[in-house]
Amino acid sequence: MLMRPVQAFAYSVLLMCSATRVHCQSYTPYSYFQALSASNLGSVQVKLTYVGGLQDAPIATVLFAPPQNPTNVGLFAPYRHSGFDYGNDDAASKRFTVGVDELKQLIDSVATIPGVTNGPADTTGLVSFALMDTAGGTTRVFEAIPTVGDGRTMFAEILGALQTNGDAVWAIRDFGCTTELLPLTPPGSIASQVSVQFTGLRPLRSVKGRYVGRLRVTNTSATTIDAPIVAVAMMRGNAALRNQTGVTCRISPPGRPYVVLASVESLAPGRAIERLISFDNPTRNLLTVDFRVYGGPGMP
C-alpha cells in the first residue's frame, strides 16, 4: 500500500470527499470534543488506523468507545483524507471499551499536542487519529494524521491516560510497536538497585497445566526508584505468562512478556513489591524463568 502525496488545506475550511460518495463531509474542531463533559462522552468513539504506506500484512485498526456505544468503523469512511490508504480499516480491527472518565483523560492529554489538535494530514504521517460523536443523530468527526514525532508524543499521552485499562494498553502498545510510533526511549535497568526473588513455582492443582509463583522486588539502594516499574520474563520452556501486561518493544530483546509491578507509585528504599505470577504450561515440560526489572519513564 503506497501513500500518495496529499495536498494541504486550511483546517478551518477543510472538506474531504469519499471516493465512493458524491458529497463532502466537513471535520469538527478538536475543541468540540475537549469541551464535552464526561456525561456527554458516551456517544464518542476513537479510531487509530495505519495509513503509512507499504506493509507486509494488514495492521489491525484500533477502535474503542464507552461500553454503551458499539464501535462502527464504517461510520468513519466518509471522512477519510484523500491521498491516504485506509485499507486497514477494511481488513481487521482490535476493539475494547473505555470508561468515560478514561476517554475524557485521553482527550485532555492529547489536547496538549498542537501538532495533533490542529488537524493536520501530514504527508509523512503514519497513523490516522480520529474521534467521532454521533449524539442526537448528528455525526461529528475530528481526524489528524500527525508527523512521526507528534505521533510518538500522542501515543505516550494515550497510553498514560489509559494505563489502568489492561485491554487498552495491550492493544495500543501492540499497534504502536507495529507502526513504530511508541516513544523511542525505554525505561532503565534497575538491576543494581534491587533484589529480585521468584519463589514457590508450582503447579496449580485446580487447573491442569497452570503454574504459579511469587515475584518479589525489593529496593536495596538508598534512592527512590521512579514508577512505572516493570518485570520482563525471560522464560525457557513451552509456557506462556498469563497475567502479562504486554510484550517488549523498546527493551531488548523485543517480544518478551512483561508485567507492570507499579504503574504510579515509586519504590522507596527498603520497600518491596510482590506479585503472584501465573503461567500456562500445557505440556508440563520443564519451565525456568528469570526476571529483568526496569524502572522510570519510557516504553518497555
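Helices (H or I, at least four residues) and strands (E, at least two) are taken here as DSSP runs, numbered from the N terminus. Contact means heavy atoms within 4.5 Å, and axes are lines fitted to C-alpha atoms, for helices over the stretch in contact, with angles running from 0 to 180 degrees between N-to-C directions. Before we dig in, note that this is a predicted model, in which local features need pLDDT of at least 70, side-chain atom pairs count only at pLDDT 80 or more, and totals for chains, interfaces and linings use all residues. Residues are numbered from 1 along each chain as its sequence is written, and side-chain values use heavy atoms, with hydrogens and water left out.

Let's start with helix α5, residues 166-178, which lies across β3, β4, β5 and β6 (127-133) and runs at about 150° to β5. Those strands belong to an open sheet of 5 strands with mixed pairing, ordered β5-β4-β3-β6-β7; two strands pair if DSSP finds at least two bridges between them. At its edges you'll find β5 (93-97) and β7 (140-144), each pairing on one side only. From one strand to the next, the twist averages 15°.

Now zoom in on β3 (residues 44-50) and β4 (residues 61-65), which pair in the antiparallel sense over 3 bridges. Here V46 sits opposite F64 of β4. Strand β3 also holds Q45, which counts as buried because its relative accessibility is 1%, and buried means under 20% relative accessible area, with exposed over 50% and partly exposed in between (1.4 Å probe, protein chains only). What does Q45 touch, leaving aside its neighbours within four places in sequence? Its contacts include L63, F64 and A65, along with N72, A130 and M132.

For a sense of scale, the C-alpha atoms of Q45 and R214, 169 residues apart along the chain, are separated by 39 Å.

On to another open sheet, with 5 strands in the order β8-β16-β11-β14-β13 and antiparallel pairing. Since β8 (188-189) and β13 (246-247) each have a single partner strand, one side of each is left without a neighbour in the sheet. Strand β8 is joined to β16 by 2 bridges, and S189 has Y294 as its bridge partner in β16. Strands β11 (residues 229-236) and β16 (residues 288-295) pair over 8 bridges in the antiparallel sense. Along that pairing, I229 stands opposite G295, while R236 has T288 as its partner.
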